[in-house]
Amino acid sequence: WSSDVCSSDLPELDYLEQKLNTKPMREQWLLSNVLKPLSSKYQLFVIDLGPTWNQLAINALFSADVLISPLECAINHFRNLKIFRMKLEQLQRDCKNEITYKHIYVPVKTNDSKKLKKDIKKYYMTKLPDCTTAGLRFHSHGEDANVMCKSVIEHSPSSPLAQEMRQVIQEVWSEICTAPSKLKGKKKKRK
């Protein structure tokens with residue numbers, strides 16, 4: 001299989017976000033005008049957005065079959081989780097529950113030698129029903145890979161972090177493969 005990558009650091013995205021505010025049915029613009037026309041060429045779209053709540057993020061949520069949320073095992077992120085979940089619930093109410101997706105949480109920057117980080121990871125894994133069974137530990141390999149614009153698996157393929165990454169990818173992929181598709185109107189079948 002092949003893939004195409006389109007950078008999200010495009011000035012056109014800022015322009016698009018501004019223009020979406022003037023469009024009718026703007027919440028579904030991305031799905032209707034970009035993803036559906038391209039769905040015969042691609043089986044999977046990955047849209048990586050920051051934690052900003054803007055019209056582009058709302059469009060991505062309307063278009064999503066699966067929402068993957070990395071949850072850092074730090075106190076400020078733990079506190080922000082409640083606010084994040086409340087925003088998602090409010091958006092669903094505001095949109096009359098037209099936003100549907102499978103939500104997967106992935107604990108990141110875990111550290112079992114630090115009590116607070118270990119407790120936060122345990123909370124995520126026991127209290128969030130859609131949390132992966134594996135988390136991704138904090139390790140210098142992750143930081144080094146990021147600086148070199150590589151994945152951890154490319155940078156340090158035999159590291160424990162790379163092993164965890166493979167496990168998380170397998171779990172997430174399994175969920176993606178069974179999620180109902182907004183583009184096809186049925187369950188996706190991927191290999």
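In this predicted model, helix H5 lies across strands E1 and E2 and runs at about 165° to E2.

Strands of a sheet pair through backbone hydrogen bonds, either parallel or antiparallel. Here the sheet is open and has three strands in the order E1-E2-E3, with parallel pairing. Its edges are formed by strand E1 (66-72) and strand E3 (136-137), each of which pairs on one side only. Strand E2 (residues 102-110) runs parallel to E3 and is joined to E3 by two bridges. Within this pairing, Thr-110 has Arg-137 in E3 as its bridge partner.

The aromatic residues provide a second view of the structure. A pair of aromatic rings is described by the distance of the centres and the angle of the planes. With a limit of 6.5 Å between ring centres, the count comes to three aromatic pairs. In one of them, the ring centres of Phe-78 and Tyr-124 are 6.2 Å apart and the planes stand at 40°, so the pair is tilted; planes under 30 degrees apart would count as stacked, and over 60 as edge-to-face. Because Phe-78 lies in helix H4 (residues 75-94) and Tyr-124 in helix H5 (residues 115-127), this pair ties together parts that are 46 residues apart in sequence.

Note on methods: Residues are numbered from 1 along each chain as its sequence is written. This is a predicted model: local features need pLDDT of at least 70, side-chain atom pairs count only at pLDDT 80 or more; totals for chains, interfaces and linings use all residues. Side-chain values use heavy atoms; hydrogens and water are left out. Rings of Phe, Tyr and Trp (its six-membered ring) pair if their centres lie within 6.5 Å; planes under 30 degrees apart count as stacked, over 60 as edge-to-face and the rest as tilted. Helices (H or I, at least four residues) and strands (E, at least two) are DSSP runs, numbered from the N terminus. Two strands pair if DSSP finds at least two bridges between them. Contact means heavy atoms within 4.5 Å. Axes are lines fitted to C-alpha atoms, for helices over the stretch in contact, and angles run from 0 to 180 degrees between N-to-C directions.
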